[in-house]
Amino acid sequence: MSALAEILFGGLFQGSLYAMMAVGLALVWTTIGVFNFSHGVFMMLGAYIAWQLVELGLPAAVAFPIAVVVMAGVGWILQASVVRPLIGRPNIVLVVVITTLAAGSLIENGALTIWGPRSKQIPALITGNTTVGGVGVSLHQIAIIVITPLILAALCMFLNRTRLGLALRAVAQNEDASHLVGLNVTALYGLAFAIAASLAGLAGIFMGGYRFMSPVMGSDPLLKALIVVVFGGISSISGPIFAAYLIGFFEAACSYYFGLYWTPALLFGVLILTLMVRPEGIFASRSRGLA
Amino acid sequence: MTDTTSPVTLSHTAAATPIAPGRTPWKQEAIGFVLGFALLALLPLIFGDTYARHILIMAFIYAIVASNWDLSLGYGGVFNFGHLALFGIGVYAYSLLTKLAEFDPWIALFASGVIATLAAILVTIPILRLKGIYIILVTFGFAQLVMQVIISQSAITGGTQGLVRIPGLYVFDHNMVRDGKSAYFYIALALLVASTLFLRVFVRSRTGASIVALRDNEEYAISRGVSIVRQRMLTLAASAFFTGIAGAFYAAYQRNASIDVFGMSLATIILSMVLLGGTSTIYGAIIASFVLTIFAEWMADFGAWRPMITAVLIIGVMLAYPSGLVGMIKASWGAVAGRLKRPA
């Protein structure tokens, strides 16, 4: 019983964080067709901005939303400076890999210079601990497990029900037609990056509440988000979300039965096998080609 | 290329090399090649101290790894993010062959290249059907798997501790330690010359042209009878051999091996070299390796600001010249040449 509860809880918790990261990555990938390697740095920066605001004396309830909004601005600026000028160039996918990597390195080293290498922690959403099914958990983790699906549901509502969200999906599906019907494609690119950055920043705030923060805290989640996106496929927004939780459970089960050491190797082994059988991701429909 | 008077019949003769517009004639390239490397061979005369030579040796190693990556990434269009794993396999193959199996260092050096090639063929099998971003994941996963295996087999590989006291290379009875690193300098240079020669001949050949054709128009290339399976395997295998040898040389030169070679930071540095130099040129990656390695040394005084300045410069070059340093050199050369011509 306790084993099952532990795997279930660990999977839900990790899955929530992965989903927050992966959705932003998938949004940028579908809309602009580039892979944003500074996404992990967004996560770190969001956590550090929140920490700085709390340190200045703001209550967490004010500091966290401000940090998320600031991150939206950061995402917009990054898009305008290192991605937008390259759109339309033939080798954009490769060049954006290096410009976003370089921008990530710039922000990471900037954070190191400003805030120093000492580990920091931001206040938890809810302090305290409890026991669920024989497993001791913190209320902060439970809060994350509850809040994440709500945010993701809100994002799905935005993308499927509002005019702006539909415009974003239209750009993702057919850029030329979007231009023709008069959508401001440039602004929508910026919006995709802004949403992605604020989701990553929020994930960083969640993570900074239960684990110590460091300027390199985003690199491992970025890797996991990349796996999630490829594993789930990106033809719909729900694909990466399901995949995030699936991988969260898989990791929790692996580290319970085989130990933490072998989990990454097993994860990659399973992923390689999955990709050989279904290269377009397990939740993707075969209708849309993704090169 | 030999029979330029009849370009129409040229494409029908089996032995003819396809001529792309703007392609440098091979004689011109050969002269530039010999002059460039002769200049590099003279460098130890200027830089007498061992530290400057050490920097140059590291630049040569990076140049081999980066230019070979350009073959799969630039020419092949295969997003092989496991390239550094091939380098790491070279490092560990050499270390284990010389230390445990007690092979002769030179034989181990060659064998490491062969082992890296075999590993590349192995990793190509799952990516034969995949495209773009999916190739990144599988190759990245391959690199992680190799690293995990090395960490978990710590009894043989030293795990996270790494290996020390790896046998170095030898040249007859020459003292490799007290010669101001000049022996290692010339071995590294020789490896770079061999690797570059191999890469340039490869990409200029019909096989090279067919690989570029697959990258640029896969359907058309396949319809003309180019086998994607065979060419992709060939591309990765060809890019692996000298990468593995560079890894072996790195282990022999440093006398130790650690799993750091599988880390993201080294991969990012080498990838910067490939893209900053300009893909699909081979020479671009080599020039960028020199520029970045020497630049990093030159800025050592800036401490924490160094990676930030480097990042800003990389972004600046990529935004202004998306074809990299080679594009920048070509553009400035064109401007100079245009200005020289104008008064006449």
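This is a predicted model: local features need pLDDT of at least 70, side-chain atom pairs count only at pLDDT 80 or more; totals for chains, interfaces and linings use all residues.
In which helix of chain A is the place of S16(A)? Good morning, colleagues. The answer is helix 1, which covers residues 2-32 of chain A.

S16(A) is buried, and its relative accessible area is 0%. Leaving aside neighbours within four places in sequence, the residues in contact with S16(A) are I144(A), I145(A), T148(A) and Y245(A).

I turn now to chain B as a whole. Chain B contains 15 helices and 2 strands. Its radius of gyration is 21 Å, close to the 20 Å that the globule rule gives for 344 residues, so chain B is as compact as a globular protein of that length. The C-alpha trace of chain B spans about 60 × 50 × 45 Å along its principal axes. Among contacts in chain B with a separation of 6 or more, 76% are accounted for by residues 24 or more positions apart.

Next, the surface and the charges. Of the 344 residues in chain B, 52% count as buried. The accessible surface of this chain comes to about 16,300 Å², and carbon and sulfur atoms hold 67% of that area. As for charge, chain B carries 22 positive and 14 negative side chains. The centres of these two sets lie 8 Å apart.

What of the interior? The largest nonpolar core has 204 residues, and the members that touch the most others are F87(B), F249(B), F262(B), I270(B) and L271(B).

I269(B) has its place in helix 12, residues 264-277 of chain B. Is I269(B) buried or partly exposed? Its relative accessible area is 40%, and I269(B) is therefore partly exposed. I269(B) and A66(B) are 203 residues apart in sequence, yet their C-alpha atoms are 9.4 Å apart in space.

A second residue of chain B that touches chain A is L319(B). L319(B) is found in helix 14, residues 305-320 of chain B. With a relative accessibility of 25%, L319(B) counts as partly exposed. Not counting residues up to four places away in sequence, L319(B) touches S81(A), V82(A), P85(A), L86(A) and R89(A).

Finally, I would draw your attention to two backbone positions in loops of chain B. Which loop holds E102(B)? E102(B) is placed between helix 4 (83-99) and helix 5 (105-127). E102(B) has a positive phi of about 55 degrees, although it is not a glycine. At 65% relative accessibility, E102(B) counts as exposed.

The other position is I282(B), in the loop between helix 12 and helix 13 (283-298). I282(B) is likewise not a glycine, and its phi is positive, at about 65 degrees. Here, however, the residue is buried, with a relative accessible area of 0%.

To close, I return to two points. Thank you for your attention.

Definitions and conventions:
Residues are numbered from 1 along each chain as its sequence is written. Chains are lettered from A and ligands numbered from 1 in the order in which they are written. Side-chain values use heavy atoms; hydrogens and water are left out. Helices (H or I, at least four residues) and strands (E, at least two) are DSSP runs, numbered from the N terminus. The radius of gyration is taken over C-alpha atoms; the globule rule is 2.2 Å times the number of residues to the power 0.38. Buried means under 20% relative accessible area, exposed over 50%, partly exposed in between (1.4 Å probe, protein chains only). Contact means heavy atoms within 4.5 Å. Accessible areas come from the Shrake-Rupley method with a 1.4 Å probe; for residues, only the protein chains shown count as cover. Lys and Arg count as positive and Asp and Glu as negative; His and the chain ends are not counted. The place of a charge is taken as NZ of Lys, CZ of Arg, CG of Asp or CD of Glu. A nonpolar core is a set of buried Ala, Val, Leu, Ile, Met, Phe, Trp, Tyr and Cys residues joined through side-chain atoms within 4.5 Å.
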